[in-house]
Amino acid sequence: MKSITVNNLIKTYGKEKVLAVDDVSFDVDHGEIFGLIGPDGSGKTSIFRMLTTLLLPDSGSARIEEFDMVKDYKKIRHILGYMPGKFSLYQDLTVEENLQFFASVFNTTIEENYDLIKDIYIQIEPFKTRKAGQLSGGMKQKLALCCALIHKPKVLFLDEPTTGVDPVSRKEFWVMLKRLKKQGITMVVATPYMDEASLCDRIALMQNGKILSIETPENISNSYPDLLFEVKAGRTSQVLKALENFDQKKNVYAFGEFVHLSVDKNINFNIHSIEEFLKNNGFENIEVKAVKANTEDSFIQLLSHENN
Ligand SMILES: Nc1ncnc2c1ncn2[C@@H]1O[C@H](COP(=O)(O)OP(=O)(O)OP(=O)(O)O)[C@@H](O)[C@H]1O
């Protein structure tokens with residue numbers, strides 16, 4: 001049996017029937033970290049709200065462990081933890097009071113389940129008398145995770161858990177998630193960060209309420225269908241503008257300090273033609289290298305394919 005099974009979920013909003021989730025199906029194994037990746041408005045939060053029993057679907061079904069999302073919603077609430085994107089904490093309560101509150105909602109105590117949160121809680125324990133509203137972003141996030149874990153859930157939903165958090169805290173957060181995975185907890189994580197996507201076991205790439213692909217990060221990169229080049233020649237914005245007019249380009253976009261340029265694999269293509277083109281357009285110190293696509297490149301490719 002899978003930990004989560006989702007079948008043909010559809011969700012619309014309002015009289016206009018805005019289609020937020022469009023026939024979405026996927027399943028998640030026990031102890032898997034499953035990523036939902038997509039731009040704002042692609043439907044991630046709506047899926048989370050349905051699976052955490054806070055919102056009814058128009059149609060479709062889902063099971064969390066052995067329970068039906070609609071019929072068994074009360075049982076599901078006992079076995080899932082939810083860390084919503086916007087803060088779930090009571091800003092005027094202290095760190096310890098927040099944790100006690102969440103424990104009492106589930107008829108448990110901090111002591112009873114301390115083992116599961118220990119590694120995370122010791123990092124914020126020195127501030128246990130501080131109000132949650134006065135914590136840094138990284139500490140708030142650790143407290144929110146402790147609160148979501150305090151009743152020992154089997155399944156954990158994390159909606160953009162690292163948005164607005166500094167890079168060091170983001171890294172630490174993923175170390176914590178990997179530890180929870182070792183304890184057998186199933187996790188579904190929505191994130192807009194592509195480097196985090198590659199830390200998931202499998203990822204679903206989403207756009208306009210639909211899942212475009214579900215794959216391991218490695219397979220997503222390996223199945224990239226085009227040739228990909230990394231280009232540098234001075235100011236990225238100028239290189240980008242020039243390469244927009246490169247005849248053989250499929251996609252061209254900024255990628256950190258580089259420009260990434262993709263070209264159809266099936267045409268007879270010589271890498272030197274990129275350098276020549278840039279030289280003819282007045283660029284100097286040109287560096288061009290063939291590179292392997294990562295998750296972000298694959299996502300851009302899938303999106304452009306969908307939009308054409
Ligand atoms: N309560 C609502 N009423 C009307 N439309 C809504 C409502 N909630 C979401 N939507 C719309 O449904 C679509 C999907 O939104 P959703 O919040 O699920 O996406 P998301 O991927 O989580 O994006 P974000 O990260 O911005 O929350 C969007 O077009 C959004 O405007």
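1. Helices and strands here are DSSP runs (H or I over at least four residues for helices, E over at least two for strands), numbered from the N terminus.

2. Before going on, a word on provenance. This is a predicted model, in which local features need pLDDT of at least 70 and side-chain atom pairs count only at pLDDT 80 or more, while totals for chains, interfaces and linings use all residues. Residue numbers run from 1 along each chain as its sequence is written.

3. Back to α1, which is mostly covered: 8 of its 8 residues are buried. The residues in question are K44, T45, S46, I47, F48, R49, M50 and L51. Buried is a neighbour count: 20 or more other C-beta atoms within 10 Å of a residue's own, with exposed at 12 or fewer, partly exposed in between, and C-beta atoms placed from the backbone.

4. Now the ligand. Its surroundings consist of Y13, G14, V18, A20, G38, D40, G41, S42, G43, K44, T45 and S46. A residue is near the molecule if its C-beta atom, placed from the backbone, lies within 6 Å of it. Both β2 (18–28) and α1 (44–51) supply at least two residues of this shell, and α1 gives the most, with 3 residues.

5. By type, the shell splits into 3 nonpolar, 7 polar and 2 charged residues. The classes put Ala, Val, Leu, Ile, Met, Phe, Trp, Tyr, Cys and Pro under nonpolar, Asp, Glu, Lys and Arg under charged, and the others, Gly among them, under polar.

6. On to the whole protein chain: there are 11 helices and 14 strands, and the C-alpha atoms fill a box of roughly 70 × 45 × 40 Å along the principal axes. Of the 308 residues, 36% are buried. Among contacts between residues at least 6 apart in sequence, 70% join residues at least 24 apart; a contact means C-beta atoms, placed from the backbone, within 7 Å.

7. The largest nonpolar core has 61 residues, and those with the most contacts inside it are L143, C146, C147 and M187. Helix α5 (residues 137–149) gives the most to this core, with 7 residues. A core is a set of buried Ala, Val, Leu, Ile, Met, Phe, Trp, Tyr and Cys residues joined through C-beta atoms within 7 Å. Neighbours within four places in sequence aside, L143 is in contact with L89, V95, N98, I124, A132 and L135. A second, separate core of 13 residues includes F229, A233, V252 and I274.

8. Worth a look is I214 in strand β10 (residues 210–215). Why does I214 count as partly exposed? Because 18 other C-beta atoms lie within 10 Å of I214. Leaving aside neighbours within four places in sequence, I214 is in contact with F26, R202 and A204.

9. Finally, an open sheet: 4 strands in the order β12-β13-β11-β14, with antiparallel pairing. β12 (249–255) and β14 (287–290) stand at the edges with a single partner strand each, so one side of each has no neighbour in the sheet. Pairing takes at least two DSSP bridges between two strands. Strand β11 (residues 227–232) and β14 are joined by 4 bridges, and E230 has K289 in β14 as its bridge partner.

Key:
Contact = placed C-beta atoms within 7 Å.
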